[in-house]
Amino acid sequence: TAKGYPPREPREPETEMILSSASILLVGQTCVTDIRETPTFTIGQPSVARMSRQSPASPAEKAFLAVPSAESARASLKHITSRPHVAGTPGDHAMAEFVRDTIRAAGIPAEIDPHRVLLSYPLNRSLDLVDEEGKVLLRAPLSEDILPDDPTSDTWWRNHTFNAYSPSGEVTAPVVYANYGFPEDFDALQASGVSVEGAIVLMRYGKCFRGLKARNAEARGAVAALIYSDPAEDGFGQGSVYPEGPWRPPSSVQRGSIQFISLCPGDPSRAYLPAGASEELCGYTQSELIPTIPVLPLSYADAAPLLRSLGGPEAPAPFRGALNLTYRLGPSAGGVRARLAVRNRFEKGPVWNVIATLRGTLPEAEDQPILLGNHRDAWVYGAADPNSGTSQMLEVAKGLGALLKRGWRPRRSIVLCSWSGEEYGLLGSTAWWEKHADSPLLRRAAAYLNVDTGVSGTRFHASGTPSLGRVLAEALGAVPEPDGSGRSLAEAHWSEGQLMTLGSGSDYTAAIDHLGMP
């Protein structure tokens, strides 16, 4: 147990869950990424078939399920994605107000819950290839293309791609290529006689969290890190690129935080708590939770010239991506070096959760609340991640509101949580979990359901604690597959009952890892 978190009370076995037939709206289509292998708990086909058999729906269940609609969810999603809403910006606050007001309109009390945290924003950056005299041979555009048929592609943020919590800095050094940035990838470089010390390390996205890539490069003596999206992972190596298909186009850049979240999630400064609280809670200081070297994300269009400039040994097969070039380990050939300049602004300011509480009829001493959450902030518009999930959660609020109008009340309290600051490192949710860790609400909570990305494709995935497998099976059994076949989602997508285990990376982290909540 981390320092500062009280031991949890033992939880009594649960025999029923409020809203089990509707919880699929919140579980959604959650996809786990950035891991090499995901351990999976398999319930098995006979058990799923048994668990997903449905008894006739109660009048309250029928009334609830009649409310959510694709059209309503689409309208919410269109509004939320109408402007960028990076955490801590005016757009983020405006969307917090929209979520609050939508939930209030359904008849559920909702409030904005601000927390002061450490944030970072881009000012400017540049990346050049230079010769031995410093003459510029090539300047990377570092800009995402404007697409004529997509007005959302023309935004200030397309020219300000960045990795959150990267320090500012300017370095000129040879480039080496370290594949995914695993420790064993750096070991392979060393075995090939390629030194990382004093170099700029180029790595590709995928397989492990980007913050670990930066941390591994820093530990091996790199002076800077560049992380690019190879088309083998999510570009033309997978299929047609946007706008002709769903995959990443050449100039697209994956933003993201490089906080060392696996050490401790949440605001690395704990600005909302007294000084020194970060070390007391996590065992780490702020300086130990973010990199000391500048880090910049790249498109594969900008990464290709860097890869072509490399000399040294040819990269082994596991290091090769889908670009039409010879992947080499480096360092840069012919005296060519990269000159990287990163300038980011760090500031402490608010992020805005929205918390809506529907009190149950049980006395507080017996109440075992259900919490349903989804983050709202995005690196730009966030249509899939996270607001396909936010629009689902708002449909749940509308369904609950319809029941309230009929005089219905839940036995357990239900809490709807719209988090901000997730993309930076689970800032808003972790602050809330920490501040309320000793409250009766969280000490007796039965479960937390988290969505993040609700919809991003046609295949269903879910992760969770095995104790909630039955709840998921029941929910999937109650929702029809939309292809008109008459099958349930359980039959169509979850017949084996594969429930992936949870690690970190979304707003459930502090709930399960520190509060012991299923």
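Visitor: Let's start with cysteine 208: does it count as buried or exposed?

Guide: Buried means under 20% relative accessible area, exposed means over 50%, and partly exposed lies in between (1.4 Å probe, protein chains only). Cysteine 208 counts as buried because its relative accessibility is 7%. Before we go on, this is a predicted model, so local features need pLDDT of at least 70 and side-chain atom pairs count only at pLDDT 80 or more, while totals for chains, interfaces and linings use all residues. Residues are numbered from 1 along each chain as its sequence is written, and side-chain values use heavy atoms, with hydrogens and water left out.

Visitor: How many disulfides does a search of the whole structure find?

Guide: A disulfide is a covalent bond between the sulfur atoms of two cysteines. Here the working cut-off is a pair of cysteine sulfur atoms within 2.5 Å. By that rule, the search of the whole structure turns up one. It joins cysteine 264 and cysteine 282, with the sulfur atoms 2.0 Å apart.

Visitor: Which parts of the chain does that pair link?

Guide: Helices (H or I, at least four residues) and strands (E, at least two) are DSSP runs, numbered from the N terminus. The pair links distant parts of the chain, 18 residues apart: cysteine 264 is in the loop between β9 (256–257) and α9 (277–282), and cysteine 282 is in helix α9. Both of these cysteines are buried.

Visitor: And what about cysteine 417?

Guide: Cysteine 417 is in no disulfide, as the nearest cysteine sulfur, that of cysteine 264, is 20 Å away. With a relative accessible area of 0%, cysteine 417 is buried too.

Visitor: Where should I look for cis peptide bonds?

Guide: Most residues other than glycine have a negative phi, and most peptide bonds are trans. Proline 331 sits in the loop between α10 (300–308) and β11 (337–358). Another cis bond runs from aspartate 385 to proline 386, with omega near 10°; proline 386 is in the loop between β12 (370–375) and α11 (387–405).

Visitor: Which residues have a positive phi without being glycine?

Guide: Leucine 142 is one, at about 50°. You'll find leucine 142 in the loop between β3 (136–139) and β4 (163–164), and it is buried, with a relative accessible area of 5%. Asparagine 179 has a positive phi of about 55°, in the loop between β6 (175–177) and α6 (183–191). Asparagine 179 counts as buried because its relative accessibility is 3%.
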